[in-house]
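Subject: Structure handover and notes

Hello,

Here is the structure you asked for. My notes follow below it.

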Amino acid sequence: MKRESKAGIKALATERMYRLFELAGKEFAKGNSARANRYVELARKIGTRNRAVIPTDLKTKFCKKCGKFLSKGKNAEIRKAEKWVEIKCLECGAEFKRKQA
Ligand SMILES: [Zn+2]
């Protein structure tokens, strides 16, 4: 069996997170927001379990507070500031800032 290095596991975790967010986006577009939220939950769990950091560009795709998948113009307002992206979750009303990807 191939032994994975720690860096390799992290890279794999990141890859899985991207994949899950991609699937979440597809489900959300189909109107399955419950399933989309589930994918976000899974992606966040992968991050915690593998101590992998959720990539910055994915951090704008879910609500920090309620954890729901966010889609710009659908259930989220995203405004770009100089160095920050301001996100407003229209699901729970939370507003937060993320560093620009
Ligand atoms: Zn929210």
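A term before the strands: two strands pair if DSSP finds at least two bridges between them. Helices (H or I, at least four residues) and strands (E, at least two) are DSSP runs, numbered from the N terminus. This is a predicted model: local features need pLDDT of at least 70, side-chain atom pairs count only at pLDDT 80 or more, and totals for chains, interfaces and linings use all residues. Residue numbers start from 1 along each chain, as its sequence is written.

Overall layout

The protein has three helices and three strands. Along the sequence the pattern reads α-α-α-β-β-β. Its C-alpha atoms fill a box of roughly 45 × 35 × 20 Å, taken along the principal axes. Of the 101 residues, 21% count as buried. Buried means that 20 or more other C-beta atoms lie within 10 Å of the residue's own; exposed means 12 or fewer, and partly exposed is in between, with C-beta atoms placed from the backbone. Contacts are scored separately: two residues are in contact if their C-beta atoms, placed from the backbone, lie within 7 Å. Among contacts with a separation of 6 or more, 47% join residues 24 or more positions apart.

The sheet

Strand S1 covers residues 76-80 and strand S2 covers residues 84-89. They pair in the antiparallel sense over five bridges. Together S1 and S2 form a hairpin, with three residues between them. Ala 76 has Cys 89 of S2 as its bridge partner. Lys 80 stands opposite Val 85 in S2.

Strand S3 (residues 95-99) runs antiparallel to S2, and five bridges join the two. Trp 84 has Lys 99 of S3 as its bridge partner. Ile 87 stands opposite Phe 96 in S3. The hairpin of S2 and S3 has five residues between the strands, and there Gly 93 takes a positive phi near 85°.

The three strands make an open sheet in the order S1-S2-S3, with antiparallel pairing. S1 and S3 stand at the edges with a single partner strand each, so one side of each is left without a neighbour in the sheet. On average, neighbouring strands of this sheet are turned by 25° against each other, direction ignored. Angles here run from 0 to 180 degrees between N-to-C directions; axes are lines fitted to C-alpha atoms, for helices over the stretch in contact.

The helix pair

Helix H1 spans residues 6-29 and helix H2 spans residues 33-49. Their axes come within 8 Å and cross at roughly 170°. H1 and H2 are therefore roughly antiparallel to each other. The cut-offs: under 35 degrees is roughly parallel, over 145 roughly antiparallel, 65 to 115 roughly perpendicular, and the rest oblique.

Residues of H1 in this contact include Ala 13, Met 17, Leu 20 and Phe 28. From H2, they include Ala 36, Tyr 39, Val 40 and Ile 46. The contact residues divide into 13 nonpolar, two polar and three charged. Ala, Val, Leu, Ile, Met, Phe, Trp, Tyr, Cys and Pro count as nonpolar, Asp, Glu, Lys and Arg as charged, and the others, Gly among them, as polar.

The core

A nonpolar core is a set of buried Ala, Val, Leu, Ile, Met, Phe, Trp, Tyr and Cys residues joined through C-beta atoms within 7 Å. The largest one has 17 residues. Ala 24, Val 40 and Phe 69 have the most contacts inside it. H1, H2 and S2 each supply at least two residues of this core. H1 gives the most, with five residues.

What does Phe 69 touch? Leaving out residues up to four places away in sequence, Phe 69 touches Ala 24, Phe 28, Ser 33, Ala 36, Asn 37, Val 40, Lys 61 and Phe 62.

The loop between H2 and H3

Helix H3 covers 56-59, and Val 53 is found in the loop between H2 and H3. Val 53 counts as partly exposed because it has 13 C-beta neighbours inside 10 Å. Val 53 and Arg 16 are 37 residues apart in sequence and 12 Å apart in space, C-alpha to C-alpha.

Arg 51 also has its place in the loop between H2 and H3. Is Arg 51 buried or exposed? With 10 C-beta neighbours inside 10 Å, Arg 51 counts as exposed. Arg 51 has a positive phi of about 50°, although it is not a glycine. Most residues other than glycine have a negative phi.

Best wishes
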